[in-house]
Amino acid sequence: METFHWISVILALVLGLGITRLLSSAVAVFRSRGRSQIDWIPLVWGACIFLWQLQFWWAIIELAPKVTAWTPLQFLALLGLPLLLFVAAALILPPAELQPGESLAEEFERDGRWALLFLSAYFFLAMGENWYFWNTPPFTRPGFINLILAVIPLSFLAASSRKLRCSLTILYAVISLLAAWIESPHAY
């Protein structure tokens with residue numbers, strides 16, 4: 001337990017930086033609302049990333065009794081998850097207020113959409129780490145949910161139709177809310 005305390009500090013630090021970045025970017029977008037065109041799609045993806053940051057922070061508590069001795073490789077593998085969420089959080093929304101005439105949709109197309117690759121990578125990595133740390137094979141309900149949560153952002157990136165992208169965004173948000181609720185411990 002004592003070793004995990006120090007490991008959890010680093011995980012919390014990276015998660016906290018990602019949350020800070022995401023919330024600061026959301027405030028910048030809010031401040032831009034009167035002079036720039038705001039699009040709801042990147043905001044919903046940002047909210048999903050925020051949800052997964054909080055869910056990871058909540059679920060990590062379960063690891064303390066499961067791993068009694070930590071290796072550097074285990075630590076780096078586990079650190080990969082919050083690092084992927086950090087990059088997704090840093091990319092999804094612009095870091096500063098939009099200038100007059102700029103569009104959040106255009107910013108998202110240029111830079112923000114790349115966050116979805118990192119979000120997908122997070123869930124693919126989570127499938128392996130769930131198997132390793134929690135003994136949850138990929139071919140179970142949690143593994144299947146993670147696979148869906150990894151594939152939808154990739155499908156969004158492949159889609160060219162705005163209507164399909166809207167549908168995928170809403171679908172992802174609904175599945176994220178349900179999955180975070182169902183798969184997370186409700187109390188410790």
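Predicted model: local features only at pLDDT ≥ 70, side-chain atom pairs only at ≥ 80, totals over all residues.
**Helix 4**

I first checked the length of helix 4, residues 72-92. At 1.5 Å a residue, its 21 residues should span 30 Å, and the end C-alpha atoms are 30 Å apart, so the two values agree. I then looked for a bend and found a kink of about 25° at Gly80, shortly before Pro82. Both Gly80 and Pro82 are among the buried residues of this helix, which also include Gln74, Leu78, Leu85, Ala89 and Ile92. I asked what covers these buried residues: the cover includes helix 1 (2-31), helix 2 (40-59), helix 3 (63-66), helix 5 (104-110) and helix 6 (115-134).

**Nonpolar core**

I next turned to the largest nonpolar core, which has 50 residues. Trp45, Leu63, Leu78, Ile92 and Tyr172 have the most contacts inside it. Helices 1 to 8 each give two or more residues to this core.

**Helix 8**

I repeated the length check on helix 8 (162-183). Its 22 residues should span 32 Å at 1.5 Å a residue; the end C-alpha atoms lie 31 Å apart, which agrees. At the start of helix 8, I noted that a side-chain oxygen of Ser161 comes to within 3.2 Å of the backbone nitrogen of Lys163. The buried residues of helix 8 include Arg165, Thr169, Tyr172, Ser176 and Ala180. Among the elements covering the buried residues of helix 8, I found helix 2, helix 5, helix 6 and helix 7.

How values were computed
Residues numbered from 1 in each chain as written. Heavy atoms only, no water. Helix = DSSP H or I, 4+ residues; strand = E, 2+ residues; numbered from the N terminus. Expected span 1.5 Å × (residues − 1). Bend = angle between axes of the 7 residues up to and from the residue. Buried < 20%, exposed > 50% of the residue type's maximum accessible area, 1.4 Å probe, protein only. Contact = heavy atoms within 4.5 Å. Core = buried A, V, L, I, M, F, W, Y, C linked by side-chain atoms within 4.5 Å. Polar contact = N/O pair within 3.5 Å; in protein donor to acceptor, adjacent residues only side chain to side chain.
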